[in-house]
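Visitor: I'm new to reading protein models. Could you walk me through one, feature by feature?

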Amino acid sequence: KGLIPAMFISILTADLYCYMRKRDFGKISLPDTVPASLSDVFASIVPGAVLMVIYIALYAIMNKAGTTLPKLIYNAISPSLTAADSVGFTIIITLMVHIFWFFGIHDAALSGVLAPIRDGNLSINAAAHAAGQALPSIFTTPFWVYFVVIGGCGSVLALTALLCFSKSKQLKTIGRLGIVPAFFNISEPVIFGLPLMLNPVFFVPFLLTSVINGTAAYLTMQVGLIGKSFAMLSWQMPSVIGAFFSTMDWKAPLLILVLIVVDGLVNFPFFKIYEKNLVKLECGEEDI
């Protein structure tokens with residue numbers, strides 16, 4: 001629970017320190033013969049002391065009030081975190097990430113917003129699991145990595161399997177090159193190679209597959225059919241394996257397999273449309 005408050009405090013500390021240093025607040029003047037590196041050390045003494053006094057005073061005030069600064073900050077932002085841990089938020093943020101991706105904006109651009117929410121919820125679940133308590137959160141980092149974007153953004157694992165059996169030489173080559181990375185949640189070879197980005201044929205399945213995955217996983221966890229996640233392995237861990245070890249629920253990998261099949265069914269008609277056009281081009285026929 002102290003992760004997000006710690007981020008706020010770190011940002012505040014850095015900003016206050018830079019503010020005081022830029023204005024030479026409390027700077028101790030030394031002769032020109034003193035090396036610059038040593039002068040910088042002395043210039044940092046007063047800003048550092050001010051920061052320590054501020055935080056000591058805050059601790060004393062909070063302690064007197066029977067609370068802590070992290071707890072106060074967390075209580076202030078907890079309503080927004082609670083709202084973020086919902087099936088509605090899961091659908092909205094999944095659509096937003098994939099719309100950005102479709103137009104060439106990597107999901108890392110949204111990590112500054114998503115990472116604190118996902119990691120914060122994960123740390124809460126990890127603490128609850130260690131204490132033998134019920135896990136309160138669903139929308140965590142492993143939930144996103146292993147259950148929502150199966151094969152990477154766009155949930156391309158099922159699509160790469162279809163590509164491997166395509167009648168089109170180009171699609172078959174892309175599928176064979178992309179299936180191993182997709183197995184380890186790396187979707188860029190297919191997103192840029194097929195391409196999925198800026199490809200109107202795949203716009204609907206590119207958005208829909210991950211939304212279906214996230215919605216199905218969230219609801220099954222919400223009703224208790226699948227255990228919630230409390231541990232994060234590497235994001236390159238295959239979803240089938242990561243789903244089990246992040247939840248320690250044997251039903252989680254089964255859900256992943258079902259979702260891969262569903263993703264394949266969603267992609268299939270769009271894949272066949274795209275394949276038909278490419279086969280005609282490869283045979284020297286005019287594209288329709």
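This is a predicted model: local features need pLDDT of at least 70, side-chain atom pairs count only at pLDDT 80 or more; totals for chains, interfaces and linings use all residues.

Visitor: Which residues in H8 and H9 meet?

Guide: From H8 you get Leu 157, Thr 160, Ala 161, Leu 163 and Cys 164. Facing them in H9 are Leu 171, Lys 172, Ile 174, Gly 175, Arg 176, Gly 178, Ile 179, Ala 182 and Phe 183. Sorted by class, this contact has nine nonpolar, three polar and two charged residues.

Visitor: What lines the second largest cavity?

Guide: Its lining is made by Gly 154, Ser 155, Val 156, Leu 159, Leu 196, Phe 202, Pro 205, Phe 206, Thr 209 and Asn 267. Helix H11 (residues 203–222) gives the largest share of that lining, three residues. By class, the lining has six nonpolar, four polar and no charged residues.

Visitor: And the pockets? What volume does the largest pocket have?

Guide: The largest pocket has a volume of about 370 Å³. There are 19 residues in its lining, and Asp 107, Trp 144, Val 145, Cys 153 and Trp 235 lie nearest its centre. Helix H6 (111–130) and helix H7 (141–148) each supply at least two residues of the lining. The classes here are 10 nonpolar, six polar and three charged.

Visitor: What about phi? What value does Leu 198 have?

Guide: Leu 198 has a positive phi of about 60°, although it isn't a glycine. You'll find Leu 198 in the loop between H10 and H11 too. Met 248 also isn't a glycine, and its phi is positive at about 55°. Met 248 is placed in the loop between helix H12 (239–247) and helix H13 (251–282).

Visitor: Why does Leu 198 count as exposed?

Guide: You compare its relative accessibility with a cut-off: exposed means over 50%. Leu 198 counts as exposed because its relative accessibility is 52%. Met 248 has a relative accessible area of 49%, so it is partly exposed.

Visitor: One more: is Leu 135 buried or exposed?

Guide: Buried means under 20%, and Leu 135 is at 16%, so it counts as buried. Leu 135 lies in the loop between H6 and H7.

Visitor: Which residues does Leu 135 touch?

Guide: Leaving out residues up to four places away in sequence, Leu 135 touches Asn 125, Ala 128, His 129, Lys 228, Ser 229 and Phe 230. Now pick out Lys 228 in the viewer. Leu 135 and Lys 228 are 93 residues apart along the chain, and their C-alpha atoms are separated by 6.7 Å.

Definitions and conventions: Residues are numbered from 1 along each chain as its sequence is written. Side-chain values use heavy atoms; hydrogens and water are left out. Contact means heavy atoms within 4.5 Å. Helices (H or I, at least four residues) and strands (E, at least two) are DSSP runs, numbered from the N terminus. Ala, Val, Leu, Ile, Met, Phe, Trp, Tyr, Cys and Pro count as nonpolar, Asp, Glu, Lys and Arg as charged, and the others, Gly among them, as polar. On a 1 Å grid over the protein atoms alone, a cavity is a set of points where a 1.4 Å probe fits but cannot get out, and a pocket is an open set with protein on both sides within 12 Å along at least five of seven lines; lining residues have an atom within 4 Å of a point. Grid points are joined across faces, edges and corners, and a volume is the space filled by probe spheres set on the points. Buried means under 20% relative accessible area, exposed over 50%, partly exposed in between (1.4 Å probe, protein chains only).
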